[in-house]
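Subject: Structure handover

Hello,

Here is the structure for you to look over. My notes on it follow below.

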Amino acid sequence: MTHRISGRTGALGTALGVTLLVSAVTALPAAAAPTTGVSCTSAKAGLAAKLKKDITAALADRTGTVAVGLYDRSTDTTCTLNAATAFDSASTVKVTVLATLLWDAKKSNRYLTDTEDELATAMITESDNDATSKLWKQLGTAKIQGFLAAAGMTRTVPGADGYWGLTQENVTDEQKLLKLVTARNSVLSDNSRAYILKLMSQVVSDQRWGTPAGAPSSVSVHVKNGWLQRSTHGWRVHSLGTFNGAGHDYMITVLTQDDSTMDYGVTTIQNVAKAIHKDLVPATSGVTRYTPTSRPREAFVATPPQG
């Protein structure tokens, strides 16, 4: 526990230095694609039109670049907005790191070691950067790319020189990842999927913001968020979430950049999330809706290994 807390505190305490280092990276900044309209389809009559209207309304007065992905297995519902736009991943890449670790262990027919379990738990539940850097280095780019290929995440590009938080990701690939985590497949074992979901359900309270906003108490919540400020495109603020219950099995990805502040990005994401949860699971007697912390936190992207 000491390791996890010190890692998280250190990341926050050195935020300014980290931000300056990240700003100096010569990698090309994520390009902002022209904003297109929300597109929705559904097997349930009227649901696609309602979601399109409400997601569009949630974003009506927001500035910046926003990408949205929604998929609900139960009603065969899909919504997308700017799904191919690339973003710096920040801490959302930690789900990919964990999935790669488990995929690689499965190939060797082994369980995680106690150390790997400790690092994975800290990485997801507390967004510990030191733990992430250790696992990123242990895996190496070749294994990460191997998992991405197996997962069909063809547009995700691992960050270079240890900058895992500068991995390029988009909504399409993140939704592919969440689909793998939430249903039986040949890439991740059932035990691996259960482990990922367990950790995403145990994220500390000050990091349970974003896509869980407005989630009904009748669904289980799994989340991983990230944020990052750079000299170009301002703040990136992202949230991945999966939700199961009340007759639904759905996942939401919202990626943003060009935000003026971290809180502005959080509000944008939560406005979209509230609209989606309300439309998929309308209010019923005895069901309350989740209100995230008013002081959201996340860990900043780690600096690359020295020496």
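I start with one cysteine: at 1% relative accessibility, Cys79 counts as buried. Please keep in mind that this is a predicted model, and that the values below are computed from it.

The disulfide

Cys79 is bonded to Cys40, with the two sulfur atoms 2.1 Å apart. Cys40 is at 15% relative accessibility. That is under the 20% cut-off, so Cys40 counts as buried too. The link between Cys40 and Cys79 is right-handed, with 115 degrees about the S-S bond. The pair joins distant parts of the chain: Cys40 lies in strand 1 (residues 39–41) and Cys79 in strand 3 (residues 77–81), 39 residues apart. The disulfide count comes to 1.

The chain overall

The chain has 307 residues, and 56% of them count as buried. Its secondary structure comes to 9 helices and 8 strands. If you take the contacts between residues at least 6 apart in sequence, 73% of them join residues at least 24 apart. The accessible surface comes to about 12,600 Å², and carbon and sulfur atoms account for 54% of that area.

The nonpolar cores

The largest nonpolar core has 39 residues. Those with the most contacts inside this core are Leu98, Met123, Ile124, Phe147, Leu177, Leu188 and Ile196. At least two residues of the core come from each of helix 4 (93–107), helix 5 (114–125), helix 6 (129–151), helix 7 (171–182) and helix 8 (190–201). As for Leu177, once its neighbours within four places in sequence are left aside, this residue is in contact with Val95, Thr96, Ala99, Phe147 and Met153.

Thr268

One more residue to look at is Thr268, in helix 9 (residues 262–280). Its relative accessible area is 0%, so Thr268 is buried. Leaving aside neighbours within four places in sequence, the contacts of Thr268 are Leu59, Arg62, Val66 and Thr256.

Regards

Methods:
Residues are numbered from 1 along each chain as its sequence is written. This is a predicted model: local features need pLDDT of at least 70, side-chain atom pairs count only at pLDDT 80 or more; totals for chains, interfaces and linings use all residues. Side-chain values use heavy atoms; hydrogens and water are left out. Helices (H or I, at least four residues) and strands (E, at least two) are DSSP runs, numbered from the N terminus. Buried means under 20% relative accessible area, exposed over 50%, partly exposed in between (1.4 Å probe, protein chains only). Contact means heavy atoms within 4.5 Å. A nonpolar core is a set of buried Ala, Val, Leu, Ile, Met, Phe, Trp, Tyr and Cys residues joined through side-chain atoms within 4.5 Å. A disulfide is a pair of cysteine sulfur atoms within 2.5 Å. Accessible areas come from the Shrake-Rupley method with a 1.4 Å probe; for residues, only the protein chains shown count as cover.
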